[in-house]
Amino acid sequence: MAIDRDEILRIAHLARLEVSDEASARTAGELTNILEFVGKLNAVDTSDVTPMAHPLDASQRFREDRITEADRRSEFQAGAPAVEDGLYLVPRVIE
Amino acid sequence: MHEQSVAELQRGLQARQFSSVELTMSCLARIEALDRGLNSLITVTGERALAQARAADARLAAGDSSPLTGIPMLHKDIFCTRGVRTSCGSRMLDNFVAPYDATVVERLDASGMCMLGKTNMDEFAMGSSTESSFYGATRNPWDGERVPGGSSGGSAAAVAARLVPLATGTDTGGSIRQPAAMCGVTGIKPTYGRVSRYGMVAFASSLDQGGAIARSAEDAALLLAAMAGFDERDSTSIDKPVDDYPALLAQSLSGLRIGLPKEYFDEGLDPGVAACVEDAIREFEGMGAVIADVSLPHAPLSIPAYYVVAPAECSSNLSRYDGVRFGYRADGASDLMDMYKRSRSEGFGAEVKRRIMVGTYVLSAGYYDAYYLKAQRLRRRISEDFQKAFEQFDVLMGATAPSVAFKIGEKADDPITMYLCDVYTTGVNLAGLPAASIPVGFADGLPVGLHLIGDYFQEARLLNAAHQYQQVSDWHLQMPRDLGERSPADEKR
């Protein structure tokens, strides 16, 4: 499965990463190699196997729907890049 | 003092031969003298350590102490430590001061341990050499031109150099065991769910597990016992009592059934490493263990399965690093999308970005079944192979890594040659089993690790087997020499 430059740009966009024009060819090559390497998985027939998401097949534990956390917003926002009135500031969102 | 075991240090503290403050200052002095050449620490927390040491001395005086009270240690820089930088070896979190303590940090603090700093690691735990750290590579204390292994390379190097007796690590595909092997120390990754992941920065949520790095199984048992246990704040934490690891170290190994998976003794295994491992296995036989071959037929697919599952989970976990609320934000972004892309591209290093890309691809529409679900199916087969083996055997053994520590830069060009370092360790994480590495000799002057794998929640058995071996051998007591003569500019060593 060869990954071309357009595919790299598509994946990068999904991942919210930038890949420069010079880097895109090398990145495409690296990803192609890695995907070929992991493609070995296809050698084994697993049509009757249930996927394993959790090593012990445990399922999500539930708890009571009660508030247990205290409001520590100002403490958490102390390290933020830009805040105002308890809100996070970001550059203009493009329409 | 730096050559003493934790039990010996505790006896010294109890007998007032020295105080925790003196012990802590001695370790801080060792760090000051030696770490410029090793680069095993990202942050030193001297003041905090001394405050904890004073509190420990008070507890010792009041007779209110535990076996770890007053003992110096280091945390891998992946554990959130309140008020202290928690960087995960990344520019992305270089400015991140954690607002809370991880459960592991809380528990060890409650036991009275003194945290002297945060150790270096591969960026976001992705790597097998600690070379991808934003803070530069850590050097192997046995040979400064070589890697300490990764991703917990800083913790392993620090313990090997006896900067402190104990350090925490994390292991997602081998990141405690492989650096322990390469640095000649003891490392244990417990069963998935045994140690809380609350406050342990996530890489691959179904694989990550915190564990202990120490100079011996006896020391590791003390640390793991304090780290382990159910935590309701971690939804994957398993509610099962913790065995008394230290109390179970001394059991006889007579009749212990040891399986040697033939897939772990393949052409990729360096002969010098194989020789040390085979000698160690004969020692176990001498202690009454029964050795036989076994097969894990899907073992060769562990690495491909891991390098689909782990990047997939990492691409999801690392999507939180967007420059909005914390961490690195690029300057002068023109709009939100530009901010996201530039913050992430500038904040993350090359290997992290590579894995995010692989993960994004294998989870994307049209490829999810072919890659991710396929890998999850293989995961079940890999796990089933282990379960079949554990019907006949108590412990499985092999080499932890196919080679000894390689030179810094040697595997930098091809990611896949780096991935192959994990050939024996990744299956364990996919299956969620406990496993350890202990030093069993040297090949070409560099440490060799024996890999021990147990069935679910058999950490006590692994530590017991390791401890008994360490009673009849002294590889774990070997220390690198000439640590003080290395300087960062000294390229010749």
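In the predicted model described here, strand β6 of chain B is largely enclosed by the rest of the structure, because five of its five residues are buried, a residue being called buried if 20 or more other C-beta atoms lie within 10 Å of its own, exposed if 12 or fewer do, and partly exposed in between, with C-beta atoms placed from the backbone. The covering extends to both faces of β6(B), with B:G210, B:A212 and B:A214 buried on one side and B:G211 and B:I213 buried on the other. Helices (H or I, at least four residues) and strands (E, at least two) are DSSP runs numbered from the N terminus, and two strands are taken as paired if DSSP finds at least two bridges between them. The model is a prediction in which local features need pLDDT of at least 70 and side-chain atom pairs count only at pLDDT 80 or more, whereas totals for chains, interfaces and linings use all residues. Residues are numbered from 1 along each chain as its sequence is written, while chains are lettered from A and ligands numbered from 1 in the order in which they are written.

On one side, β6(B) pairs with β4(B) in the antiparallel sense over five bridges, and B:L166 has B:A214 of β6(B) as its bridge partner. The pairing of β6(B) with β5(B) is likewise antiparallel and comprises three bridges, with B:I188 standing opposite B:A212. These strands belong to an open, mixed sheet of eleven strands in chain B, in the order β1-β3-β2-β4-β6-β5-β10-β11-β9-β7-β8. Strands β1 (41–44) and β8 (290–294) of chain B stand at the edges with a single partner strand each, so one side of each is left without a neighbour in the sheet. From one strand to the next, the twist averages 30 degrees, where axes are lines fitted to C-alpha atoms, for helices over the stretch in contact, and angles run from 0 to 180 degrees between N-to-C directions.

Helix α5(B), residues 153–160, lies across β1, β2 (72–76), β3, β4 (166–170), β5 (186–189) and β6 (210–214) of chain B, and runs at about 160 degrees to β4(B). Helix α7(B), residues 217–227, touches β4, β5, β6 and β10 (435–443) of chain B, its direction making about 150 degrees with that of β6(B). Helix α9(B), residues 302–317, has 16 residues and reaches 22 Å from its first C-alpha to its last, close to the 22 Å expected at 1.5 Å a residue, the expected span being 1.5 Å times one less than the number of residues. This helix is mostly covered, with 14 of its 16 residues buried.

Several backbone features of chain B fall in loops. The peptide bond from B:G150 to B:S151 is cis, with omega near 10 degrees, and B:S151 is placed in the loop between β3 and α5 of chain B. A positive phi of about 55 degrees is found for B:R162, which is not a glycine, in the loop between α5 and β4 of chain B; B:R162 counts as buried, with 20 C-beta neighbours inside 10 Å. Phi is also positive, near 60 degrees, for B:F457, which is found in the loop between β11 (446–454) and α15 (459–471) of chain B and is buried, with 20 other C-beta atoms within 10 Å.

Chain A has three helices and two strands, running α-α-α-β-β from the N terminus. Its radius of gyration is 22 Å, well over the 12 Å that the globule rule gives for 95 residues, so chain A is more spread out than a compact globule; the radius is taken over C-alpha atoms, and the rule is 2.2 Å times the number of residues to the power 0.38. Of the 95 residues of chain A, 17% count as buried. The contact between the chains takes 40 residues from chain A and 54 residues from chain B. On the side of chain A that touches chain B, α1 (5–14), α2 (21–38) and α3 (73–77) of chain A each supply at least two residues, and α2(A) gives the most, with six.

Terms used
Two residues are in contact if their C-beta atoms, placed from the backbone, lie within 7 Å.
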